[in-house]
Amino acid sequence: MLIDSLDFCPKEKGMEIVAWCIMTNHVHLIFRSIRGKKPETILGDFKRFTSKKIVKAIQDTPKESRREFLLEQFEKAGDNSSNVRNYQFWRHDNKPIELWSTKVILEKINYIHQNPVEAGIVYHPEEYRYSSAVDYAG
């Protein structure tokens with residue numbers, strides 16, 4: 001679902017993804033706009049697309065052991081939100097950082113690829129399946 005979004009947004013929204021890492025409770029993206037859209041607009045499109053896909057996947061998977069709990073939590077969050085009609089998957093706040101130099105970009109790429117290592121999931125960043133680290137491993 002999130003992986004599908006990493007295809008959808010570049011093709012349909014002008015999002016060039018430089019690096020990414022999907023963790024269990026958060027996602028890191030380094031991207032830029034290639035069609036003149038504001039980055040916050042592209043990020044909003046990304047969040048809308050992914051939230052719909054994820055909620056639908058949970059709804060359509062009766063074997064999901066946390067199905068009812070998750071949908072209830074997303075529904076409660078949606079009830080408390082002024083701009084969400086049904087289910088809210090993503091938090092409204094983001095931690096965007098404008099990357100202004102090659103040095104900073106490389107530091108941030110390394111940081112996000114180290115997330116699974118720091119979490120003890122893998123020994124080397126390129127071993128983590130849900131990351132672009134393998135693309136940078138040579």
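Mentor: Let us begin with accessibility, bearing in mind that this is a predicted model. Tyr 136 has a relative accessible area of 42%, which lies between the limits of 20% and 50%, and therefore the residue is classed as partly exposed.

Trainee: Where is Tyr 136 placed, and with which residues is Tyr 136 in contact once its neighbours within four places in sequence are left aside?

Mentor: Tyr 136 belongs to helix 5, which covers residues 133-136, and, with those neighbours left aside, Tyr 136 touches Val 18, Ala 19, Ile 109 and His 113. Sequence separation and spatial separation can be read side by side for Tyr 136 and Pro 125, which are 11 residues apart in sequence, with 9.6 Å between their C-alpha atoms.

Trainee: Taking His 113 from that list, is His 113 buried or exposed?

Mentor: His 113, a residue of helix 4, has a relative accessibility of 5%, and because this is under 20% the residue counts as buried. Its side chain is joined to that of Ser 132 by a polar contact of 2.7 Å. Neighbours within four places in sequence again being left aside, the contacts of His 113 include Ala 19, Trp 20, Pro 125 and Ser 132, as well as Tyr 136.

Trainee: How should I read a pair of aromatic rings, and how many aromatic pairs are there here?

Mentor: Such a pair is described by two quantities, namely the distance of the ring centres and the angle of the planes. In this model the count is two aromatic pairs. For Phe 74 and Phe 89 the ring centres are 5.3 Å apart and the planes stand at 75°, which is over the 60 degrees required, so this pair is edge-to-face.

Trainee: Which parts of the chain does the pair of Phe 74 and Phe 89 tie together?

Mentor: Phe 74 sits in helix 3 (residues 67-79), whereas Phe 89 sits in the loop between helix 3 and helix 4 (102-118), so the pair links parts that are 15 residues apart in sequence. Phe 74 counts as buried at 12% relative accessibility, while Phe 89, at 30%, counts as partly exposed.

Trainee: What is the geometry of the aromatic pair formed by Tyr 128 and Tyr 130?

Mentor: Tyr 128 and Tyr 130 are also edge-to-face, with 6.0 Å from centre to centre and 75° between the planes. Tyr 128 counts as buried at 10% relative accessibility, and Tyr 130 counts as partly exposed at 35%.

How values were computed
Residues are numbered from 1 along each chain as its sequence is written. This is a predicted model: local features need pLDDT of at least 70, side-chain atom pairs count only at pLDDT 80 or more; totals for chains, interfaces and linings use all residues. Side-chain values use heavy atoms; hydrogens and water are left out. Helices (H or I, at least four residues) and strands (E, at least two) are DSSP runs, numbered from the N terminus. Buried means under 20% relative accessible area, exposed over 50%, partly exposed in between (1.4 Å probe, protein chains only). Contact means heavy atoms within 4.5 Å. Rings of Phe, Tyr and Trp (its six-membered ring) pair if their centres lie within 6.5 Å; planes under 30 degrees apart count as stacked, over 60 as edge-to-face and the rest as tilted. A polar contact is a pair of N or O atoms within 3.5 Å; within protein, one must be able to donate a hydrogen and the other to accept it, and residues adjacent in sequence count only if both atoms are side-chain atoms.
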